[in-house]
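Subject: Structure handover

Hi,

Here is the structure I promised to pass on. Please open it beside this email and follow along.

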Amino acid sequence: MASKVEKKSKVVVVGGGIAGALLAKSLQFHADVVLIDPKEYFEITYANLRAKVEPSFAERSVVKHSDYFTKGRIVVAYASGVIETEVLTSNGECIPYDYLVIATGNDDSYPKSRSKRLEQYQEDFANIKSADSVLVIGGGSTGVELAGEIAVDFPEKKVTLVHKNTRLLDFMGQKASSKTLDWLVSKNVKVILGQTVDLKSHQDGDKVYKTSGGETIIADCHFFCAGIPLGTKWLKESILRDALTDGGRVMVDQHLRVKGRKNIFAIGDITDIPEIKQGLFAMQHANVTAKNLKLLMYGGKESKMATYKAGPDMAIVSLGRKDAVMQSPMSTMIGRIPGFMKSSDQFVGKTRKQMGIDASCFGL
Ligand SMILES: Cc1cc2nc3c(=O)[nH]c(=O)nc-3n(C[C@H](O)[C@H](O)[C@H](O)COP(=O)(O)OP(=O)(O)OC[C@H]3O[C@@H](n4cnc5c(N)ncnc54)[C@H](O)[C@@H]3O)c2cc1C
């Protein structure tokens, strides 16, 4: 008699961010799952900036894949190509799949090991602590959250934020941008909008920075908080090239299948779903896809597949430890109420719970 194990489908999940990690975890006992990620860990990205001013925070937000994904196989490598039946990796493997899920969100350049990532946070903290002045380049959520963290934890430091666009947080509405600007200014952050900083001609250790508008900024250190590319470059020469938008996002149908494909799904920030790119939505994509894959793997009808509807127009950006700015379809709010929702724990506890990570395994 053929055993159930022999019949298990082969599912390959590419990308171990919040979307891919949750999906791999959800399917591990239903299929032979392989998770491909260049790092040995998954990171709750919302906590990144808190970890720069409080490095121990990263002990809970940087989680080894092996802590939640105990049953499947982890391949620490980049996916470099896809053919009809296999994914190719940067370490020369060809990994076969019945179903493929692409979740390569953003192609960051963080260290590959958890311990090195934790060391990096210690180094960032030491740089911030020893600096009298800090330059933050980029006024999206990363730059704004970092400037807010430093301004609140180290009010004596001079913080300058330079953003190339004419308003901060330009993925949110105008109200959120101007409330955030007022908040930063009230914390003595100097905000320069509509300009860039020339880092190409900047030498390591040099404290003088020039902006495109001819301003000079003196800072003991800088953080570049812009321009993490989408993780879809590797698909450009693959069988999925026609499913990419001009901006490099992956087109998906209402079941989150890649356009024109029956057995390939895409989830998370890389999708072309018209919604603000949020981890909360990425997790919902993972849940819908897990449901659909279970249905298909256990022989269910395609017509019964779950559908995904774009998320509401909402986002929360932390402003230090107690405040935040929140946009929802109803209103835009700044201060302690949205801060209460996000800023103390940065959704780390909630996300760990959703991932089923046992806090006790870290002694926490
Ligand atoms: C400062 C900040 C604050 C935020 N706050 C919130 C918040 O409060 N709430 C919220 O819901 N969202 C928030 N977000 C958004 C949230 O972080 C993202 O929407 C979420 O991380 C997207 O998850 P993802 O899995 O799609 O992509 P990612 O988290 O980017 O993960 C992608 C993974 O794929 C890997 N990868 C890339 N290329 C390859 C390849 N070729 N092969 C294999 N693996 C690859 C990467 O290494 C990474 O591990 C915030 C974002 C930022 C920057």
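Below is what was found in it, from the overall layout down to single residues.

First, the ground rules. This is a predicted model: local features need pLDDT of at least 70, side-chain atom pairs count only at pLDDT 80 or more, and totals for chains, interfaces and linings use all residues. Residues are numbered from 1 along each chain as its sequence is written.

**Layout**

The protein splits into domain 1 (10–38 + 77–108 + 228–311) and domain 2 (114–227 + 314–343). Those bounds come from an automatic or database domain assignment. The two domain centres, taken over C-alpha atoms, are 32 Å apart.

UniProt has an unreviewed entry that places "domain: FAD/NAD(P)-binding" at residues 10–276. UniProt positions are given in the numbering used here, feature names are shortened, and annotations may be inferred rather than shown by experiment. Over residues 10–276 the chain is 25% helix and 24% strand. Helices (H or I, at least four residues) and strands (E, at least two) are DSSP runs, numbered from the N terminus.

**Around the ligand**

The shell around the ligand holds 37 residues. Gly-15, Gly-17, Gly-105, Gly-231 and Gly-268 come nearest. A residue counts as near if its C-beta atom, placed from the backbone, lies within 6 Å of the molecule. Helix H2 (18–27), strand E2 (32–37), helix H7 (141–153) and helix H9 (279–297) each give two or more residues to this shell. Domain 1 and domain 2 each supply at least three.

By type, the shell has 15 nonpolar, 14 polar and eight charged residues. Here Ala, Val, Leu, Ile, Met, Phe, Trp, Tyr, Cys and Pro count as nonpolar, Asp, Glu, Lys and Arg as charged, and the others, Gly among them, as polar.

**Cores and helix H2**

A residue is buried if 20 or more other C-beta atoms lie within 10 Å of its own, exposed if 12 or fewer, and partly exposed in between; C-beta atoms are placed from the backbone. A nonpolar core is a set of buried Ala, Val, Leu, Ile, Met, Phe, Trp, Tyr and Cys residues joined through C-beta atoms within 7 Å.

The largest nonpolar core has 63 residues. Val-11, Val-13, Leu-23, Val-101 and Ile-267 touch the most other members. Apart from this core lies another, of 38 residues, including Ile-137, Leu-184, Ala-219 and Ile-334.

Two residues are in contact if their C-beta atoms, placed from the backbone, lie within 7 Å. Not counting residues up to four places away in sequence, Val-101 touches Val-11, Val-13, Gly-20, Leu-23, Phe-265, Ile-267 and Thr-289.

H2 is mostly covered, with nine of its ten residues buried. Among them are Gly-20, Leu-23 and Lys-25. The buried residues of H2 pack against strand E1 (10–14), E2, strand E3 (41–43), H5, strand E9 (99–102) and H9.

**Single residues**

Which residues have a positive phi without being glycine? Leu-169, near 45°, is one, and Leu-256, near 70°, is another. Most residues other than glycine have a negative phi, and most peptide bonds are trans. Leu-169 sits in the loop between strand E11 (158–163) and helix H8 (174–186). Leu-256 sits in the loop between strand E15 (221–224) and strand E16 (264–266).

Is Leu-256 buried or exposed? Leu-256 is buried, because 24 other C-beta atoms lie within 10 Å. Tyr-308 touches Leu-256, and also Gln-254, Gln-284, His-285 and Val-288, leaving out residues up to four places away in sequence. Tyr-308 lies in the loop between H9 and strand E17 (315–319). Tyr-308 is buried too, with 21 other C-beta atoms within 10 Å.

Ala-151 lies in helix H7. With 23 other C-beta atoms within 10 Å, Ala-151 is buried. Its contacts, beyond four places in sequence, include Val-159, Leu-184 and Gly-320.

Last, the end of the chain. Gly-356 lies in the segment after helix H11 (348–354). Gly-356 contacts Lys-25 and Tyr-68, leaving aside neighbours within four places in sequence. Asp-67, in helix H5 (residues 65–68), has Ile-357 at 7.1 Å, C-alpha to C-alpha, though 290 residues separate them in sequence. Asp-67 is partly exposed, with 18 C-beta neighbours inside 10 Å.

Best wishes
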